[in-house]
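Morning, everyone. Please have a look at the sequence and the model on the screen. I'll walk you through it in a few minutes.

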Amino acid sequence: MRKQFPDRSERLWRMSVADSLLQLAVLTPGDVTAEAELVASCDSALHTRVLTPDQMKALFAAMPRRFRRLDGRADSGLETHLRLAAEDQGWKVEVQVTIDRVGRVDLLIDGWLVIELDGAQWHDDELSRDRYARRDTEAILLGLRYHQFRARQVLEDMPLCLAVIRTILASGRPSCTYRRTYRHDRVV
């Protein structure tokens, strides 16, 4: 494959991150899991600043149209995986929403279901657990519903995660009294 995004710092035998992502896009036709991995990888490249928004826009323009679901706001690939699966169910999914008294949440589904996706790296110490318990309480007091999935659940049993979300949504929209702001706009 011809390199489209030369990087002066790369060695001759290496590809730039953008070229690697583009090659992955070309190699994943029709494979839904691989496509989700690619979108998650692109979101992660933006979040970790491995690629700038301008570099990602150039990459995005070179990718096949089926990757137009790139968002760029997710803090982790885990969030992207669940976002894509939830959007496939027809639910409205907002990423990295800041809610007064609660703080920034990973996903907000249909405007009232807060979903947190927690890996052990960031959420397994006592202080983090206390902070998240407080956030859960504030969300409930504001009339929101809240659920937390562990990384392993999302990566190994997405159908179960979607069934849980479907069950919570089926309970009906609560009366919510919250204000929200957004961390930043979509990148691409």
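Predicted model: local features only at pLDDT ≥ 70, side-chain atom pairs only at ≥ 80, totals over all residues.

One definition before we start. Two strands pair if DSSP finds at least two bridges between them.

Now the overview. The protein chain has 8 helices and 5 strands. From the N terminus on, the order is α-α-α-α-β-β-β-α-α-β-α-α-β. The chain has 188 residues, and 44% of them count as buried. Now take the contacts with a separation of 6 or more. Residues 24 or more positions apart account for 62% of those.

Let's go to the hairpins. Start with strand E1, residues 93–99, and strand E2, residues 103–109. How do E1 and E2 run, and how many bridges join them? They run antiparallel, and 6 bridges join them. Let me point out two of the pairs. Val93 has Ile109 of E2 as its bridge partner. Val95 is partnered with Leu107, again in E2.

E1 and E2 form a hairpin, with 3 residues between the strands. Look at Arg101 in that turn. Its phi is positive, about 75°. Why point that out? Most residues other than glycine have a negative phi.

Are these strands buried or exposed? In E1, 6 of the 7 residues are buried, so the rest of the structure largely encloses that strand. E2 has 5 buried residues out of 7, so E2 is largely enclosed as well. Buried here means under 20% relative accessible area.

Now follow the chain on to strand E3, residues 113–118. E2 and E3 also run antiparallel, and 3 bridges join them.

Asp110 is not a glycine. You will find Asp110 in the loop between E2 and E3. Its relative accessible area is 26%, so Asp110 counts as partly exposed.

While we are on phi, one more case. Arg49 is not a glycine, yet its phi is positive, about 65°. Where does Arg49 sit? It sits in the loop between helix H2, residues 32–47, and helix H3, residues 53–62. Arg49 has a relative accessibility of 72%, so it counts as exposed.

First, helix H1, residues 17–26, against H2. Their axes come within 10 Å and cross at roughly 165°. That angle makes H1 roughly antiparallel to H2. The cut-off for that label is over 145 degrees. H1 passes H2 in a left-handed crossing.

Which residues meet there? From H1, we have Leu21, Leu24 and Ala25. From H2, we have Leu38, Ser41, Cys42 and Ala45. By class, this contact of H1 with H2 has 6 nonpolar residues, 1 polar and no charged.

Next, H2 against H3. Here the axes come within 9 Å and cross at roughly 160°. H2 and H3 are therefore roughly antiparallel to each other. The crossing of H2 and H3 is right-handed. Cys42, Ala45 and Leu46 make the contact from H2, with Pro53, Met56 and Leu59 from H3. The classes in this contact of H2 with H3 are 6 nonpolar, no polar and no charged.

Notice Cys42 and Ala45. Both are in the contact of H1 with H2. Both are also in the contact of H2 with H3.

Last stop, further along the chain. Pro159 lies in helix H8, residues 158–170. Is Pro159 buried or exposed? It is exposed, with a relative accessible area of 61%. Now find Ala85. Along the chain, Ala85 and Pro159 are 74 residues apart. In the model, their C-alpha atoms are separated by 9.0 Å.

To recap the helices: H1 is roughly antiparallel to H2, and H2 and H3 are roughly antiparallel to each other. That's my tour. Thank you.

How values were computed
Residues numbered from 1 in each chain as written. Heavy atoms only, no water. Buried < 20%, exposed > 50% of the residue type's maximum accessible area, 1.4 Å probe, protein only. Helix = DSSP H or I, 4+ residues; strand = E, 2+ residues; numbered from the N terminus. Axes fitted to C-alpha atoms, helices over the stretch in contact; angles between N-to-C directions. Parallel < 35°, antiparallel > 145°, perpendicular 65-115°, else oblique. Left-handed = near helix turned anticlockwise from the far one by under 90°. Contact = heavy atoms within 4.5 Å. Nonpolar A, V, L, I, M, F, W, Y, C, P; charged D, E, K, R; others polar.
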